[in-house]
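Reader: Please take me through the helix packing and the aromatic pairs, and set each label against its criterion.

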Amino acid sequence: MNNHSSIQRIGVLTGGGDCPGLNAVIRAVVKTAINKYGWEVFGIEDGFEGLIQPGKVRPLGLRDVWGILDRGGTILGTTNRANPFSYEVEVDGEIKVFDVSDDVVRHAQVLSLDAIVVIGGDGSLRITQELIAKGLRAVGVPKTIDNDLQCTEITFGFDTALNTAMDALDRLHTTAESHHRAIILEVMGREAGWIALEAGIAGDADVILIPEVPYRLDAIIEKLETRHRSGAKYSILIVAEGAHEAGKPPVYQQHREVGGVKRLGGVGELLAEEIREHSDIELRVTVLGHLQRGGSPTAFDRLLATRFGVMVTDLVAQGHLGQMVALQGGRIVAVPIAEAVAKQKLVSLSSDVVKTALGLGVCLGDTPQAIAALQAQEA
Ligand code: F6P
């Protein structure tokens, strides 16, 4: 085990989609590394791109992190296109794919970085794990608005996105009520429906559709018509971008791919069209999109991101490379990055939060009996 006296210089990078709280982590890492340990810190720009292309690594001092605690985004820049194992380069007008992972490991060694703090979601941390196997000295900090990383009860960024989605629902309630119509809010969440589920409960949605429960149109229409018959003049639906009808694939944006991943989007409009075809319900659709990723982090996210940043720097000092900081039972602990990226943290249908939605009478896309059958399968 290393002890902090052998560490002199560390790097820090932010990878994948941005989220509120990235700057809070960077600030905490820089402050702890300099004030507590007397190390030098280098900022690596645009995720792993900064270790592939020259001229994208710069010293980070205390002044560089002044005033950034409350700023959304990342002062280091990020990208979800720079996977060193399949790096796209334009050669003679054609896109070719190269494995530049050895260059990344070598570049970190040439810069004499004793450890790199990777602030990333499942994609960036999976890449980090593969680079560690090749000799990269790294630790991880879990970020993502999607909250789909295992081993940590929550990722920073999620709480801010949740509040943004809840605020949108609050606003949609008043206009939907005034016009006596139904409104669908489409939120992010590729495979995991955490934002839709929790914002849906906090923002009083009548229908919550998540990728984990393939929806059936008749169950949704039945819910909306029952509400209408019982005197409710409007309804609110929230749908995760990755939610899909039973037996059908998710809805992708045409011809859009980022880093080999097809972009989702459009399920809200599709659902509205389908409901209109089979009923007289008047519907409108709002897509919240990247508003969920932007803006100032909530107090919860600032605090969690700062705790993660301080503790991950301590992990480096203690020689716990290959580990990721995580929140478990209210405490910050260290877990192997390999374990965190082994599979995604999806919504469990037997969880309290799903039971809460069902208890409130929320339609989760199918009948309560069908959901109970899915719960039984899960057990
Ligand atoms: O961070 C994950 C995520 O928010 C997904 O929910 C969404 O599909 C994706 O990012 C969109 O990313 P971008 O528009 O940056 O490619």
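Reader: What makes α1 and α8 a contact, and which residues meet there?

Author: Contact means heavy atoms within 4.5 Å. In α1, Ala24, Val25, Ala28, Val29, Thr32, Ala33 and Lys36 meet Arg302, Ala305, Thr306, Gly309, Val310, Val312, Thr313 and Asp314 of α8. These residues divide into eight nonpolar, four polar and three charged; Ala, Val, Leu, Ile, Met, Phe, Trp, Tyr, Cys and Pro count as nonpolar, Asp, Glu, Lys and Arg as charged, and the others, Gly among them, as polar. The model is predicted, with local features requiring pLDDT of at least 70 and side-chain atom pairs pLDDT 80 or more, while totals for chains, interfaces and linings use all residues. Residues are numbered from 1 along each chain as its sequence is written, and side-chain values use heavy atoms, without hydrogens and water.

Reader: How do the axes of α1 and α8 lie?

Author: The axes of α1 (residues 22-36) and α8 come within 7 Å and cross at roughly 40°. Their crossing is right-handed, the term for a near helix turned clockwise from the far one by less than a right angle (anticlockwise is left-handed).

Reader: Why are α4 and α5 called oblique to each other?

Author: Helix α4 (residues 158-179) and helix α5 (residues 194-202) pack at an angle of about 50°, with axes 9 Å apart. Angles under 35 degrees count as roughly parallel, over 145 as roughly antiparallel, 65 to 115 as roughly perpendicular and the rest as oblique. The two helices are therefore oblique. Residues of α4 in this contact include Phe158 and Leu169, and those of α5 include Trp194 and Ala202. The contact of α4 with α5 comprises 10 nonpolar residues, one polar and one charged.

Reader: What makes the pair of Tyr37 and Trp39 stacked?

Author: Rings of Phe, Tyr and Trp (its six-membered ring) pair if their centres lie within 6.5 Å; planes under 30 degrees apart are stacked, over 60 edge-to-face and the rest tilted. Tyr37 and Trp39 are 4.7 Å apart centre to centre, with 15° between the planes, and hence form a stacked pair.

Reader: Why is the pair of Phe156 and Phe308 said to tie together parts of the chain?

Author: Phe156 and Phe308 form an edge-to-face pair, with 6.5 Å centre to centre and 65° between the planes. Phe156 lies in the loop between β7 (138-142) and α4, and Phe308 in helix α8 (residues 299-317), so the pair joins parts 152 residues apart in sequence.

Reader: How do you know whether Phe156 is buried or exposed?

Author: Buried means under 20% relative accessible area, exposed over 50%, and partly exposed in between (1.4 Å probe, protein chains only). Phe156 has 0% relative accessibility and therefore counts as buried.

Methods
Axes are lines fitted to C-alpha atoms, for helices over the stretch in contact, and angles run from 0 to 180 degrees between N-to-C directions. Helices (H or I, at least four residues) and strands (E, at least two) are DSSP runs, numbered from the N terminus.
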